[in-house]
Amino acid sequence: MEDILNLRYALDTFYFLVSGALVMWMAAGFAMLESGLVRAKNTAEILTKNVALFAIACIMYMVMGYNIMYPADGNGFIPAFDFAFMFGGDNAAADVLAQDPAAWYDGSYYSGMSDFFFQVVFVATAMSIVSGAVAERMKLWAFLLFAVVMTGFIYPMQGYWKWGGGFLDAANFQDFAGSGVVHLCGATAALAGVLLLGARKGKYTADGRINAIPGANLPMATLGTFILWLGWFGFNGGSELVLSNVDEANAVAAVFVNTNMAAAGGVVAALITARILFGKADLTMALNGALAGLVAITAEPLAPTPLWATIVGAIGGVIVVFSIIGLDKLKLDDPVGAISVHGVVGMWGLLAVPMSNGDATFGAQIYGLVVILAWTFVASFITWLVIKAVMGIRVSEEEEYEGCDVSECGLEAYPEFTGAKGSGR
Amino acid sequence: MKLVAAIIKPFKLDDVREALSEIGVTGITVTEVKGFGRQKGHTELYRGAEYVVDFLPKIKVEVAVDDGQVDAVIESISGAAKTGKIGDGKIFVYELAQAVRIRTGESGSEAL
């Protein structure tokens with residue numbers, strides 16, 4: 001029996017680690033997607049943001065975020081948190097193996113370290129949603145300062161309310177892998193930032209015209225989307241939290257299939273919608289469609305049939321196209337469509353849960369949606385306001401024209417094409 | 001001496017280069033440019049926002065030749081670069097005051 005328990009523990013721990021590694025890879029996906037959709041003169045800066053925010057997220061979550069989100073105790077609204085995690089520690093083998101095998105999965109059935117590892121990559125994902133929406137005109141260091149607050153406090157608090165066993169969980173709010181806790185949260189923080197930041201210069205004209213600002217590298221944007229798609233198998237698949245028996249293995253497999261089908265549905269729906277609206281196939285809409293499908297299914301990737309998962313994703317794909325156009329009409333400049341993909345479709349994902357999961361209710365879903373939205377928006381808005389007052393959040397007009405690469409990073413992403421390096425090659 | 005500059009469609013570059021070497025032209029400089037002529041631009045959509053495409057990618061081919069070769073060069077380039085459709089391009093002929101081969105210091109016609 002002890003051999004089996006050892007094996008189960010090891011397998012489920014391994015599963016957390018591999019899933020976490022897949023979600024970590026999504027950071028590369030975001031980096032490629034965003035750098036492909038901005039202009040060449042802003043590419044190095046957004047890459048710097050992506051690398052740095054990932055590192056900051058890991059550190060802040062280790063220092064305090066993880067303990068806020070998964071405290072030893074709490075009253076449901078305020079976690080009784082400490083700063084214990086960064087000092088290490090894990091389950092002792094003797095304690096683990098002494099647990100009652102009949103109640104194995106109610107106890108410690110995987111490494112505590114692997115739990116942190118799996119969770120920390122989620123907060124990084126939420127934070128990286130913000131970088132795309134504020135691209136091409138936000139100060140690098142202002143953004144990183146916001147990242148410190150978002151990953152150390154804002155995200156963990158609402159994460160506690162649902163996944164940490166807080167009041168949203170008690171209210172039967174369902175969010176399997178984070179359409180709300182991760183995607184809506186990230187998009188709302190982005191929205192607060194975009195409102196205070198303003199649009200890129202030249203994006204909207206006074207007479208109501210919307211100008212196109214095409215991205216510099218569509219191959220990278222596409223690569224980024226595929227990387228995110230792959231990483232999402234860890235994002236949703238790992239959120240099943242168990243692998244080591246027949247039922248759970250089947251559940252994980254279903255989650256993988258549904259995740260994939262939703263992405264596929266999203267691509268096709270977005271592509272067709274763009275074709276109908278614009279007359280041609282817009283690759284960037286197709287890419288956003290894939291991600292929209294993935295976000296849509298993230299709240300409930302287990303319960304649906306593969307067919308229904310495809311439909312949920314497809315509806316996300318249609319929504320995202322209209323949302324992107326709609327945000328532009330509202331003069332909310334979002335260079336990569338992050339608010340639409342993760343926020344608007346994140347809300348659809350949450351509301352779709354009761355359609356396949358009988359335990360969920362629309363009331364609880366709306367409740368959770370509103371709480372996450374309100375908390376994140378208010379907390380983020382205040383944080384952005386403070387940062388704006390202290391150091392400003394927007395680069396100067398001249399820096400914006402010159403490009404953030406030169407003004408914020410002192411280097412260029414494509415020096416030989418743009419020629420600043422000189423013709424020396 | 002004259003400098004013959006031809007603005008042509010990018011995919012015609014190889015044909016023009018071959019045609020020029022057939023009539024004995026030994027040096028050529030190529031630049032990527034954008035331009036338009038008498039045609040108005042058209043609009044495309046990027047994520048639902050319209051943008052005007054009026055500058056089209058072209059290639060500028062420059063050759064320095066003796067006065068006597070100019071007509072042959074013009075005819076050669078025209079023949080190779082022509083498709084009969086809008087956007088085939090134009091050829092301009094400039095007076096060339098001086099030419100120097102850097103390696104040897106030769107100047108004038110010997111430098112061409």
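Me: What makes A:Ala57 in α2(A) and residues such as A:Val123 in α4(A) count as meeting?
Reply: In this predicted model, residues of α2(A) including A:Leu53, A:Ala57 and A:Tyr61 meet residues of α4(A), among them A:Val120, A:Val123 and A:Met127, where two residues are in contact if their C-beta atoms, placed from the backbone, lie within 7 Å. Local features need pLDDT of at least 70 and side-chain atom pairs 80 or more, while totals for chains, interfaces and linings use all residues; residues are numbered from 1 along each chain, with chains lettered from A in the order in which they are written.

Me: Why are α2(A) and α4(A) called oblique to each other?
Reply: Helix α2 (residues 43-69) and helix α4 (residues 112-133) of chain A pack at an angle of about 135°, with their axes 8 Å apart. Angles under 35 degrees count as roughly parallel, over 145 as roughly antiparallel and 65 to 115 as roughly perpendicular, the rest being oblique, and the two helices are therefore oblique.

Me: Which residues touch the most other members of the largest nonpolar core?
Reply: A nonpolar core is a set of buried Ala, Val, Leu, Ile, Met, Phe, Trp, Tyr and Cys residues joined through C-beta atoms within 7 Å, and buried means that 20 or more other C-beta atoms lie within 10 Å of a residue's own. Of the 126 residues in the largest core, A:Ala57, A:Ala190, A:Ala270 and A:Ala296 touch the most other members, and α4(A) gives the most to this core, with 12 residues. Apart from it lies another core of 14 residues, among them B:Ala6 and B:Val63.

Key: Axes are lines fitted to C-alpha atoms, for helices over the stretch in contact, and angles run from 0 to 180 degrees between N-to-C directions. Helices (H or I, at least four residues) and strands (E, at least two) are DSSP runs, numbered from the N terminus. A residue is buried if 20 or more other C-beta atoms lie within 10 Å of its own, exposed if 12 or fewer, and partly exposed in between; C-beta atoms are placed from the backbone.
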